[in-house]
Structures are given as structure tokens and as C-alpha cells.
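Open the model in your viewer and keep the sequence panel beside it. The tour goes from the whole chain to single residues.

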Amino acid sequence: QVTTAIFEGLYQYDYLATPTRLLPSTATALPQITDNGLTWTVHVKPGIFFTDDPVFGGKRRELTAADYVYSLKRWLDPNLHRGGEAVITGLVVGARAVVDAARKPGAHFDYAAPMAGLRALDRYTLQLKLNEAVYPPVEFFLTLGACAQEVVEAAGRDIGGRPVGTGPYMLKD
């Protein structure tokens with residue numbers, strides 16, 4: 001519950017709707033779904049900023065589509081605490097090769113490796129390309145919060161104690 005108040009996803013669930021549906025959170029609108037459900041294009045709202053952190057050097061840090069690419073790749077990383085998202089790895093075009101390479105002994109997840117199915121088209125446009133049109137796991141994937149790569153890298157192994165998101169709350173202690 002705490003993390004959902006700190007980190008905002010592109011969408012949030014409207015649990016009061018029947019059936020449950022997505023509502024834009026940091027996205028401008030619902031995804032544009034084309035190519036028979038295989039391509040999802042999402043536009044990030046300009047003017048959303050991360051909570052202040054020393055790594056930003058006193059400047060406001062705006063949320064971008066690249067932040068979602070990085071953050072969603074973190075959910076795929078098999079070497080992190082969660083162990084990766086197997087269902088999404090199979091759905092996102094190009095994810096399997098990057099995840100499998102990270103599973104090799106001594107290997108690390110290459111966040112800079114291009115993934116055809118998860119990319120920022122421009123500063124505010126994120127695109128997902130899927131191997132098959134399976135909506136529920138992709139919808140869940142798009143509710144996951146964004147983090148700033150420079151904060152994660154600066155915090156290292158202490159990232160759990162340094163959550164910096166775009167939500168209305170920040171962790172005091």
C-alpha cells in the first residue's frame with residue numbers, strides 16, 4: 001500500500017466499475033491498441049515530476065516514457081528480488097532474449113539492451129509490442145510505478161530505503 005502512494009503507474013484500476021477497468025494515472029488517455037491487439041501506444045502526461053532527491057542536483061526531474069521503459073524492464077529482471085515477470089517476458093517482443101541472457105551465471109540484466117517490444121518512441125510516448133494479444137497481464141504491467149534510473153543506481157543495494165516516485169507521498173523514515 002505504501003509503494004502505490006509513492007510510485008505511480010501509467011494506469012490505475014477503477015475497482016468500483018463493473019467490470020473493473022483501467023483509468024489513466026500518468027498517461028494522457030487509455031492506450032491506443034492497434035495491430036489486432038499486438039501494439040499498445042501510451043502517451044505520458046508532460047509536467048509530472050519525481051519527488052526531490054539529492055541525485056537530481058536540486059533540479060526538478062520530469063517523468064518521461066524512458067523512465068517507464070527502465071522501470072518496466074526492472075520488473076522483467078530475473079536477478080532482482082521478485083525474480084522477474086515470466087508471463088510478461090513471454091508476451092513482450094524481444095524480452096525473452098534479454099531475460100535469458102541475464103540468467104546466465106555471472107550475468108546481469110542489460111537495461112541498455114534494445115527490446116523491440118518495450119521502447120520510448122519520444123519523450124512522452126511509450127510503445128509495447130506483443131507476441132500475442134493477452135490483455136490482463138499487460139494491463140497489470142502498465143499499472144506498475146515508475147522510478148528514476150539515476151536514483152536506483154545511486155542507491156545501489158539500499159534502494160528499498162530510498163523510494164523516489166511521482167506519487168503524492170514520500171517515505172520519511
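**Before you start.** This is a predicted model, so local features are described only where pLDDT is at least 70 and side-chain atom pairs only at pLDDT 80 or more, while totals for chains, interfaces and linings use all residues. Residues are numbered from 1 along each chain as its sequence is written, and side-chain values use heavy atoms, with hydrogens and water left out.

**Stop 1: the whole protein.** Show everything as a cartoon. There are 6 helices and 6 strands; helices (H or I, at least four residues) and strands (E, at least two) are DSSP runs, numbered from the N terminus. Followed from the N terminus, the elements run α-β-β-β-β-α-α-α-β-β-α-α. The radius of gyration is 16 Å, close to the 16 Å that the globule rule gives for 173 residues, so the protein is as compact as a globular protein of that length. This radius is taken over C-alpha atoms, and the rule is 2.2 Å times the number of residues to the power 0.38. Along the principal axes, the C-alpha trace spans about 45 × 45 × 30 Å. Of the 173 residues, 43% are buried; buried means under 20% relative accessible area, exposed over 50%, and partly exposed in between (1.4 Å probe, protein chains only).

**Stop 2: the sheet.** Select E3, E4, E5 and E6. In what order do the 4 strands of this open sheet lie? The order is E3-E4-E6-E5, with antiparallel pairing. Two strands pair if DSSP finds at least two bridges between them. Strand E3 (32–34) and strand E5 (118–122) are the edges, each pairing on one side only. From one strand to the next, the twist averages 25°. Axes here are lines fitted to C-alpha atoms, for helices over the stretch in contact, and angles run from 0 to 180 degrees between N-to-C directions.

Contact means heavy atoms within 4.5 Å.

Next, keep E4 (residues 39–43) and E6 (residues 125–129), which pair in the antiparallel sense over 5 bridges. Thr 41 stands opposite Gln 127 in E6. Then turn to E5 and E6, a hairpin with 2 residues between the strands. They pair in the antiparallel sense over 4 bridges, and Leu 118 has Leu 128 in E6 as its bridge partner.

**Stop 3: helix H4.** Select residues 95–102. Ala 95, Val 98, Val 99 and Ala 102 are buried in this helix. They cover an arc of only 95° around the axis, which puts them on the same side of H4; the arc is that of the directions from the helix axis to the C-beta atoms. The buried residues of H4 pack against helix H2 (65–76) and helix H3 (86–91).

**Stop 4: Thr 51.** Look in the loop between E4 and H2 for Thr 51. At 18% relative accessibility, Thr 51 counts as buried. Leaving aside neighbours within four places in sequence, its contacts include Phe 56, Val 164 and Tyr 169.

**Stop 5: Glu 153.** Go to helix H6 (residues 149–155), which holds Glu 153. Is Glu 153 buried or exposed? With a relative accessible area of 54%, Glu 153 is exposed. Its side chain makes a polar contact with the side chain of Gln 149 (2.8 Å). A polar contact is a pair of N or O atoms within 3.5 Å; within protein, one must be able to donate a hydrogen and the other to accept it, and residues adjacent in sequence count only if both atoms are side-chain atoms.
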